[in-house]
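Subject: Structure for you to look through

Dear colleague,

I am passing on the structure we spoke about, and I would be glad if you could look through it before reading my notes.

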Amino acid sequence: MSDTASPLRMGTRRSLMATTQSGLVATRLTELTGRAVELVGVTTFGDVTKANLTQLGGTGVFVSALRDKLIEGEIDFAVHSLKDLPTTPDPRIVIAAIPPRDDPRDALVGPAKLADLPPGAKIGTGSPRRVSQLRILRPDLEYVPIRGNAETRIGKVTSGELQGIVLAAAGLGRLGREAEISQIFEVEEMLPAPGQGALAVECRADRPDL
């Protein structure tokens, strides 16, 4: 049983998106329980590698370092984007909470809607799922793999390096950057990733107090 007077340590990736999302969970947890929450920044392999996600096997690369800290007892909770979690369960860890899901759809950031972009326009995304569906909608565009946080990706559009990028609508909303969305794709156009728009709060399975 943990000391109820001490702050709960909530592990999070260090990006603005991750700390913003974790901050929302921390605020809500404090409102519900009165417990203070301390954010603990963790750098994951997915944050530092330059390789494309398709070369890394997809999910798990943004999660494993946080789970290691959790299992070692260095943090009490970890907050992830639900879509980043591996589908194979780890018996040492449980999903303690899933806050209300935000918009699950994908969004285009750029100067125009997808249909209005000129042939050959460059669209950035690191997701094979998005590329395969975008190619059905606009096979005449060039799809470029990109990495980096949301601010870095958006900067490639504002600089003119890319004519658009595709990100989760929920993340853009949490960052307060909805004004830069030129199009939100309905699910009939682009099926979102499972769990997209939702957060997952994990704790150790042997912590019934949590």
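This is a predicted model: local features need pLDDT of at least 70, side-chain atom pairs count only at pLDDT 80 or more; totals for chains, interfaces and linings use all residues.

I began with helix α5, which covers residues 128–137 and in which R130, V131, Q133 and L134 are buried. The buried residues of this helix pack against four strands, namely β5 (106–109), β6 (122–124), β7 (142–144) and β8 (164–168). The side chain of R130 reaches the backbone oxygen of V166 at 3.4 Å, and, leaving aside neighbours within four places in sequence, R130 is in contact with D106, T125, V166, L167, A168, M190 and Q196.

The next thing to look at is the largest nonpolar core, which has 13 residues, and of these V109, A150, I154, I165, L167 and L172 touch the most other members. At least two residues of this core come from each of β5, α6 (150–158), β8 and α7 (169–174), and α6 gives the most, with three residues. If residues up to four places away in sequence are not counted, L172 touches M17, A107, V109, I154, L167, R177, E178 and I181. There is also a second, separate core of twelve residues, which includes L117, A121, L141 and F185.

Turning to charged pairs, a search of the whole structure finds 18 salt bridges, and I describe some of them here. In the pair formed by R174 and D102, the closest N and O atoms are 3.0 Å apart. Because R174 lies in helix α7 and D102 in the loop between β4 (93–97) and β5, this pair ties together parts that are 72 residues apart in sequence.

The side chains of R92 and D90 meet in a salt bridge at 2.9 Å, N to O, with R92 partly exposed at a relative accessible area of 48% and D90 buried at 16%. E74 forms a salt bridge with K69, with the closest N and O atoms 3.3 Å apart; here E74 counts as partly exposed at 39% relative accessibility, and K69 is partly exposed at 28%.

With best wishes

Technical notes
Residues are numbered from 1 along each chain as its sequence is written. Side-chain values use heavy atoms; hydrogens and water are left out. Buried means under 20% relative accessible area, exposed over 50%, partly exposed in between (1.4 Å probe, protein chains only). Contact means heavy atoms within 4.5 Å. A nonpolar core is a set of buried Ala, Val, Leu, Ile, Met, Phe, Trp, Tyr and Cys residues joined through side-chain atoms within 4.5 Å. A polar contact is a pair of N or O atoms within 3.5 Å; within protein, one must be able to donate a hydrogen and the other to accept it, and residues adjacent in sequence count only if both atoms are side-chain atoms. A salt bridge is a side-chain nitrogen of Lys or Arg within 4 Å of a carboxyl oxygen of Asp or Glu.
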